[in-house]
Amino acid sequence: MTYKITKGLDIDIPGSAEKRIAEDVESKFYAVKPTDYVGLVPRLLVAEGDNVKAGTPLFEDKQNPGIHYVSPVSGTVHAIVRGEKRALLAVVVKSDGKQESLPFPTLDIDSCDIDTIRQTMVASGLWTLLRQRPFGIVPPVDSKPKAVFVSGFDDSPLPADTDFAIQGREDDFHAGISLLARLAGKLYLSLDGKKQRNSVFASVKDADIHFFEGKHPASLVGTQIAKIAPINKGETVWTVNFQDVAIIGHLFRTGIYKPERVIAVCGPVVKEPRYVRLLSGATIRSLSVESTIGNNVRFICGSVLSGTAVDTDGFLCTSCDKVCVLPEGDYYDFLGWLRPNFKKYSFSRTFLSGFLAQVSSSSPKFDFDTGKHGSVRPLFVTGEFEKLTPLDIYPMQLVKACIVGDIELMENLGIYEVEPEDLALCEFADTSKTEIQAIIRNALETIRKQS
Amino acid sequence: MFIRDFFDKLKPDFSKGGRFEKLSSTFEAFESFAFTPNTVTGGGKRAFKGSHIRDAVDLKRTIITVVVALMPALLFGMWNIGHQTSMAYSLEWGFWQEFWNGFLRMLPIIVVSYVVGLTIEFLFAEIRHEEVSEGFIGTGLIIAMIVPVTIPLWQLAIAVAFAVVIGKEVFGGSGYNFLNPALVARAFLFFSYPSHMSGDSVWVAAPFRYAGDAVTGATPLGQLMASQPLSASALDMFIGTIPGSTCETSVVAILLGAILLLVTGIASWRIMLSVVIGGGLMGLLFNAIGANEYMQLPFYYHYLMGGFAFGCVFMATDPVTAAQTNSGKWIYGFLIGAFAVLLRVLNPAYPEGMMLAILLMNCFAPLIDHCVVARNIKKRQKRWERRIM
């Protein structure tokens, strides 16, 4: 089926990655970060100096014993990074360059039984690539979802080309899809209705394929779930990143854990926006990004609308498809509220730039940075959020219910149908500069902890 | 840049531990007035997760757009004040003399409104250790624009203080109020000092240093109320060369502002359109009944008289006090238009129905939204139940 998404916004940021060859990048160090996972309470399983292989458990979840978070490479545990109150921030592994994996059983996907799939996924750490909605957590081992949802395209700002990223791993991807479909009983794959009718994604077996057209956030799995089969209270679904599907397929086909990803390195200040092939958890430095404006930039794992900021000497986050680099916006803007301004991007038409962008067809190039462009105020303007949310919810009312912490109202207004990223555009456009995604996450965590 | 250096030099004194720590909100207000702050998304938090880019719009930009939209009505109003004086007292002033006289009449009203209102705003911000909200920049001007030109300034000052404190600050300040503060001020004046707010003698200012008897000038609504024939034609009322509140007589000037608000998307077209529809339908209904002369008045006259146009464009659309859902906005606007005309025609005590209609619907806006949202909730619960069965 084809769905047309009319509510939303495509933000055109210059600096998309060029589709040449994806060059291989090797990093000396790799890290697995508990902070990438919602609600994870880690129990460390290794010590500094331990030898590990790809697939060796580094820590497990105290609340879900048995779910292992594993090393992406072979080598030695180099450092255990702790933060405030000794919270575990990262386990850093120094690669020995050999890339040896623990041996895992290969399975015949069509005939093996579901419990074997489940056990292998848990033991190999592949289980941690699954996300459960509501709450965005790694699902408990005995989780029985309604279905699995996979989004096969990216239309967020600075989009990464998923067809290009999956090149060479088509068989892994197809195997992963079949496997997850068997494991969960039902798998929905959503593709770009304009570009992907004949892509490698469209030729998968065992998946229910739906096409999406229109504006961002069409590519967000939350939008797709809402259109295809919205989540009801008490139900859970899984979502999996498309490259993670290939990693899962690879292990079951070859018995080797190899968390390979092709990620786009992009952004308006990147000298050569391009694709690189690397392993999960590599360092930002290994990307050797050259910026045109020096060091005052921010590295973002994921979309600029919902991703995670990473230090220059930090590590990639889990399930990351792109690293966006933006100039920091820490400058004062003289009479910023008064001047007409042609270079600043605004969804509202209060700036000549935003007005012209909406009435003229040739889209001018705007300057994008991390500036907040104003002071924080109570939620004031109405009607903005509704234009940007394709879900059947009242975003303003939901955010207010989250702020006051009324759980019953949140449930009624559809909190289970959203993850923070689904309201990312609202946060972007909000006149009051509220941190909406943080509010949604806190609300979800409050509910999760109470239930 | 030297202005930036100036603020940077003063900043330590007004920050925590500085000499003027108690005035930090005041300093912040002036600083952010001059410069959009240099804050970044995530506030420099490590591993911040959220939107890293932000829209260029902020509340200051929104409010200043409203102020710009008010300008045509304000400038016309200034001229019209002088023009009415000139006509009533047969002075045969020229255009600029009329404008200058109106300007001198209007200036103290604006100054009093701003000074009283902003002082209270700053005071509350300092007490609460919050940033000063820019909301009153719009409200303060609107209050000055909807009072009679002869308003005693002390009454205006009390009304503004009442509106800001009771209409807004007690609920938490801009963004939390449920009544439009400008209309609270006007309603306060209307009910506290009725003799200065209605009748025929308050709408035309006497020339400065004039000692004789005041000349009266009746508004169209006043004439209708007293069952007198209208002295102004529809065209006069449309252009606005009639006695009335300082800056709400000219429908043309208000329409110019409306165009700006609609093009920039600041005001809701749903509300504006539904107010017009509501008022029109109610007017047509009265035309159909036609029991008295007021009822027989062509329906579109209601758009041209009194504060209908100004209220529709600038006050019904206040996002804080209006309905917040899109379907709610239709109901809210429609009822404002309908009630305004209903009150005008049927209630002999209040010549102007718009103010009361908007305040009434301000009170009902949350209820309207509640009902709209309840439908969404019901739909969702039905979906849950279907799954369980």
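**Entry 1: chain A as a whole.** I reminded myself that this is a predicted model. I went through the secondary structure of chain A and got 11 helices and 20 strands. Along the principal axes, I noted a C-alpha trace spanning about 65 × 50 × 45 Å.

**Entry 2: inside chain A.** I checked burial next, and 56% of the 451 residues of chain A count as buried. Then I took the contacts with a separation of 6 or more, and 67% of those in chain A are between residues 24 or more positions apart.

**Entry 3: strand β6 of chain A.** I then looked for its partners. Strand β4 (residues 42-44) of chain A runs antiparallel to β6(A), and three bridges join them. P42(A), for instance, has D61(A) in β6(A) as its bridge partner. Strand β7 (residues 68-70) is also antiparallel to β6(A), again with three bridges. There I found F59(A) bridged to Y69(A). β6(A) and β7(A) form a hairpin with six residues between them. In that turn, G66(A) has a positive phi of about 105°.

**Entry 4: cis peptide bonds.** I wrote down a cis bond joining R133(A) and P134(A), with omega about -5°. P134(A) sits in the loop between β10 (131-133) and β11 (148-151) of chain A. The bond from H216(A) to P217(A) is cis too, with omega near 15°. I placed P217(A) in the loop between β13 (208-214) and α4 (221-228) of chain A.

Entry 5: Q99(A) is not a glycine, yet its phi is near 60°. I traced Q99(A) to the loop between β9 (88-95) and α1 (114-124) of chain A. Q99(A) has 17 other C-beta atoms within 10 Å, so it is partly exposed. Over in chain B, E92(B) has a positive phi of about 50°. E92(B) lies in the loop between α3 (59-88) and α4 (95-128) of chain B. Is E92(B) buried or exposed? It counts as exposed, because it has 8 C-beta neighbours inside 10 Å.

Technical notes:
Residues are numbered from 1 along each chain as its sequence is written. Chains are lettered from A and ligands numbered from 1 in the order in which they are written. This is a predicted model: local features need pLDDT of at least 70, side-chain atom pairs count only at pLDDT 80 or more; totals for chains, interfaces and linings use all residues. Helices (H or I, at least four residues) and strands (E, at least two) are DSSP runs, numbered from the N terminus. A residue is buried if 20 or more other C-beta atoms lie within 10 Å of its own, exposed if 12 or fewer, and partly exposed in between; C-beta atoms are placed from the backbone. Two residues are in contact if their C-beta atoms, placed from the backbone, lie within 7 Å. Two strands pair if DSSP finds at least two bridges between them.
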